[in-house]
Structure formats: C-alpha cells, structure tokens
Amino acid sequence: MAGFNKVVNSYEEAMAGLTDNMTVIAGGFGLCGIPENLIAEINRKGTKGLTLVSNNCGVDDFGLGVLLPNRQIKKIIASYVGENAEFERQMMSGELEVELTPQGTLAEKMRAGGAGIPAFYTATGVGTPVAEGKDERQFNGRNYILEEAITGDFAIVKAWKADKYGNLVFRKTARNFNPMAAMAGKITVVEVEEIVEPGELDPDQIHTPGIYVNRLIQGTFEKRIEQRTTRPSGE
Amino acid sequence: MALSREQIAQRVAQELQDGYYVNLGIGIPTLVANFVPEDIEVMLQSENGLLGMGQFPTEEEIDADLINAGKQTVTMATGASIFDSAESFAMIRGGHVDLTVLGAFEVDVNGNIASYMIPGKLIKGMGGAMDLVAGADNIIVTMTHASKHGKSKLLTNCSLPLTGKGCIKKVLTDLAFIEIKNGQFHLLERAPGVTVEEIIKLTQGELVVPDVVPEMQF
C-alpha cells in the first residue's frame, strides 16, 4: 500500500488484525449487499467471541449465519433475525446474546458513531422494551429516548465499484447499511465487484468517500437471493 | 362474511390519495399495492432504501441487488430513487411518509400496538416497525379481529411487549374498520354481512357503536 492506494491482494490481508472479542459492524440487508467473502474469511480465521452489529444475521448456511455453528459470535446487535433456525436455537438457549434494536435506530447509531456524535434522542421505542434503562426526555411535548452511537473495531462492507483510493459506489438496494458501516469502523474493509483507477469515477456520483475506507479488495460474489418472487413475462 | 386478505387490502387501498408516499408492511399490507386505484399515483417506500418500488420482476429481470423490505426481488417504478438505511429512516422518522400500513398481534384502546414479539415463543425482532409507528402520523393497522380460537386482538391493554405507545388511530380487521380516540374503539364500518353483534362479541376493549354502522363498499 502506498499513499491513498487502499487495495490489498488477499482476503487474509484484508482481515488481518481481527482478534477474539472484537466488535465487527457489517453492511447488508437480509442477504442483499452483504460482504460475503469477508464473512467467509472471518469464518476461516475462526475468530471467536465477536460482537456483531448487523441488521440481520444471514441464513443457516450463508452470510453471517455461517459464523454461528462454531460459536464465533458472542453477541449480536440486530433488528430482525427471523430467517435462521440455528440463530433462534442459540438465542433461546442463552448461548448467544441478542440486543434487538429498531432498524432506523440501528442505522442512526452507526451513522452517529462514524460522525462523532456519541448519542441521540429518538421517539422510536418509547414505551416499549427498547426504552428500558435509557434516559427519557421531553422535547416540544413529546417523549424521546437517548440512544448511544456504535463504533466497531472493524467494519466489513460490500460495494459495487471503487477506485483504488477507496471511493465507493453502491448498486441499487445493495447500498442499505453499507455506507453507515463504512463510517463506523476503526478499520473499514471493503470488498467490491470492480476496482478502477482514481479519476474514473465521477466525483459527483460517489456514495462513500475514500476517507472512510482503510482496505479494499476485489472479489467474486454468489449474491444469493432470499425470496425469489417473479411475475410472468408479458404482463 | 369476514373479509379475505385481499378484501382487507382492497379496503385499505380506498384510503390512498393521489401523490401519497406510502410504506406497506409485510403480509396483508403488501397486497394493498395490487389495488391502487387507476386514476391516482402513489409512490411505495421500502425501508431498505427504495422509494418507488415497482412490481415483481420477470424471470429475466431478476436482480439480486434489488429487493424490498420483505427480502423479495422487486423492480423500480419510473422516477424511483435509492438511498441508504439512515436516509430511509430519516424520511420515516421525520414524518415525510404520508401513510403507513402494517400488521399487528394486538392493538388497544389507547392506541398501543404489539406486533413484534411473543415472549418465550416467536423471537424475530421489530425490524423497522418501531421506527414506522413512532414516525408516522397516518397509520392503518391490518389484522384479523380475533385469533382462530376467538380471542380478541382489540384489547383494553395490550398483553404483549409493545412496538409503539399511543400511536395507532385506525385499524382495519376482517370484520370492521375502527378508529381509536379518547381511549375507546369507535366502529366506523363493518364488513359486508357481518353484524354489529358479532363485532361487539369479538372486541374486548371498550367499543363505541353509533346508531347506524355502514357496510364497507367495494
């Protein structure tokens, strides 16, 4: 690596320095836009005791779900975890600690973490189990709870294209939590479908500036579809 | 007769107005998209980061990078926009969505809603539901009026953990269209062929019934 060039040449190098008991923030919604090869590398490394921050936890054999059978995850902070039998088993038995967090609050916690804002007030979750133990305050006659920001030792991100400086462009709804995750990692690792030379991406069209990105790698992706819904041709 | 899932969606669709930005939850609410009146335009918001959700793709159009909040493959309508999750919930939490339709397990006379968790049983998480009910002013809850065993879902007090407090004003069930105000349910309409007595019997919370309760029109 030299100057602003963020490109690394192997997944091993991409996840170097990840050790037991770290916090990892992952982009993705369901199986859409997940850093699937970076997750596979964490699985290969066998790192344990991880706290994962991600909207979902994959399915049994793909995405973050692959980290469950070897008990690599100690705790997960997520909004929706319904698609995964092993997850539900570990949660019900108490082997896995789960902090259910409203989706918008989760996105904002990551954004705030990356933006240097330690906490924020939101009406989301007032009067629900989410509010338990949190500071509650009124603004303009309405109640809000204080939610704390999240940062990670690592963030793992999937983008569509990047230049070597780590400027990122996402594709369609594979963007989702990825820009927030990129902001909130102490070490942000991004895998993309294509890396181009600096200057080839239109600066006006960049979604995440390279300042948030530490390591970049080009990969190939399975892009598994969770719910394949179609209409007949010709309609 | 009790409304089918499609009929519930069809009645909700009558509440849509031209130029509305609408968020439809998973299940019956998703079906509302099939009954948008032809003479109006609405834009569907999907909280994973899409405004202007289109119909399902053909086999040839399927794109793994384009899904809705239910993780189903979708397409984009003309004039659609894509954004990240923080932006998506900024528009939801900031009150920019005109109508939100979502399902529930229970609703009570104080506008409380329980929709995400049955302790000891179903643990999936709230997804975006807590943000949606806290951020929207105009919400319609769709659900069956009672469980299969005849247990009312319209209660004095929700028994399950809440998704939101004091935020629900309208409920459309398979039997009735109900407004919540002043700590009471108010019966606005009944499903065709359903009697007021049947609705009273299956509503546990206090229900105000006017002298004349019109049947829903389709």
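Modeller: Glu193(A) is partly exposed, at 25% relative accessibility (buried is under 20% relative accessible area, exposed over 50%, partly exposed in between, with a 1.4 Å probe and protein chains only). Keep in mind that this is a predicted model, where local features need pLDDT of at least 70, side-chain atom pairs count only at pLDDT 80 or more, and totals for chains, interfaces and linings use all residues. Residues are numbered from 1 along each chain as its sequence is written, chains are lettered from A and ligands numbered from 1 in the order written, and side-chain values use heavy atoms, leaving out hydrogens and water.

What does Glu193(A) pair with in a salt bridge? With Lys223(A), at 3.0 Å from N to O (a salt bridge is a side-chain nitrogen of Lys or Arg within 4 Å of a carboxyl oxygen of Asp or Glu). That pair links distant parts of the chain, 30 residues apart: Glu193(A) is in the loop between strands E11 (185-192) and E12 (194-196) of chain A, and Lys223(A) is in the segment after strand E13 (215-218). Those elements are DSSP runs numbered from the N terminus, helices being H or I with at least four residues and strands E with at least two.

As for cover, Lys223(A) is partly exposed with a relative accessible area of 24%, whereas Asp65(B) counts as buried at 2%.

The general idea is simple: side chains of opposite charge can pair when their charged atoms come close.

For context, the rule gives 25 salt bridges over all chains. One of these is between Arg89(A) and Glu95(A), at 3.0 Å from N to O. Arg89(A) is partly exposed, with a relative accessible area of 42%, and Glu95(A) also counts as partly exposed, at 26%.
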